[in-house]
Amino acid sequence: MRALVLNLFLAIIWVTLLGRVTAGGLVFGFLLGYLLLFGLRRLLGPTTYFEKLPGVLSFLLFYAREMVRANIRVARDVISIRRKSRPGIVAVPLDLTTDLEITVLTNLLALTPGTFGLDVSSDRTVLFVHAMFVDSADALRATIKNDLERRVKELFR
């Protein structure tokens, strides 16, 4: 956590030195800070920051791609004459164990158009998901488990 704070601090220093705050300047400052901290990682002490950050960035790219795909699919269905949506509720068994992991998964599903986490079983082993496109319950369950849940698990463990 300390390395992340230092990296953000270095990015802010970078845009301050530039004299203008832009998204590109912050990203570039963050990358420069990451490289600097990577070079000085022995001075930081034990940290998993340098192993976790590429995974987080990979997850963000994956989720952005899924978000765009879901938006296009929902928009296409809304504006088309023939509806292709087949709404349904699917029970997804969970491998996630902590409240934080389950909450993140549920919120990511809610942010993705066409899906929504309805409820979690009392023993926290099953998540009930409402989806706009349920062609096959098994296929949807496999997609959630193999894509989203697996990646959330990798982020937190």
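Let's start with a strand pairing: Thr115 has Ala131 as its bridge partner in strand E3. Keep in mind that this is a predicted model. Strand E2, residues 115-120, pairs with E3 in the antiparallel sense, over five bridges. Another of the pairs is Asp119, whose partner in E3 is Phe128.

Now the turn. E2 and E3 make a hairpin, with five residues between them. Look at Arg124, which sits in that loop between E2 and E3. Phi of Arg124 is positive, near 60°, and this residue is not a glycine. Is Arg124 buried, exposed or partly exposed? Its relative accessibility is 35%, so Arg124 counts as partly exposed.

Next, the other neighbour of E3. Strand E1 also pairs with E3, again in the antiparallel sense, over six bridges. Two partners to find on screen. Val92 is bridged to Leu127 in E3. Pro93 stands opposite Val126 in E3.

Both of these strands have two faces. In E1, Gly88, Val90 and Val92 make up the covered face. The uncovered face of E1 has Ile89, Ala91 and Pro93. In E3, the covered face is Leu127, Val129 and Ala131. Val126, Phe128 and His130 are on the uncovered face of E3.

Over to helix H6. It runs from residue 137 to residue 156, which makes 20 residues. H6 does bend, though, by about 30° at Glu149.

Which residues of H6 are buried? They are Leu140, Ile144, Lys145, Leu148, Glu149, Arg151 and Val152. Here is a general point about helices. An α-helix has 3.6 residues a turn, so residues three or four places apart point the same way. What covers the buried residues of H6? The cover includes two helices, H4 (49-79) and H5 (99-111). It also includes two strands, E1 (88-93) and E3 (126-131).

Take Glu149, at the bend in H6. Its relative accessibility is 1%, and the cut-off for buried is under 20%, so Glu149 counts as buried. Which backbone atom lies 2.6 Å from a polar atom of the Glu149 side chain? That is the backbone nitrogen of Asp95.

What does Lys145 contact, once its neighbours within four places in sequence are set aside? The answer is Val92, Pro93, Leu94, Asp95 and Arg150. For a sense of distance, take Lys145 and Phe116. They are 29 residues apart along the chain, and their C-alpha atoms are separated by 15 Å.

Let's go back along the chain. Ser80 is in the loop between H4 and E1. Ser80 has a relative accessibility of 27%, so it counts as partly exposed. A polar atom of the Ser80 side chain lies 3.3 Å from the backbone oxygen of Asp77.

One item comes from a record. An unreviewed UniProt entry annotates residues 47-64 as "transmembrane region". What does the model have there? The span is 89% helix and 0% strand. The end C-alpha atoms of residues 47-64 lie 27 Å apart.

To recap. H6 bends at Glu149, and Glu149 is among its buried residues.

Technical notes:
Residues numbered from 1 in each chain as written. Predicted model: local features only at pLDDT ≥ 70, side-chain atom pairs only at ≥ 80, totals over all residues. Heavy atoms only, no water. Helix = DSSP H or I, 4+ residues; strand = E, 2+ residues; numbered from the N terminus. Expected span 1.5 Å × (residues − 1). Bend = angle between axes of the 7 residues up to and from the residue. Buried < 20%, exposed > 50% of the residue type's maximum accessible area, 1.4 Å probe, protein only. Contact = heavy atoms within 4.5 Å. UniProt positions renumbered as here; feature names shortened; annotations may be inferred. Polar contact = N/O pair within 3.5 Å; in protein donor to acceptor, adjacent residues only side chain to side chain. Pairing = 2+ DSSP bridges.
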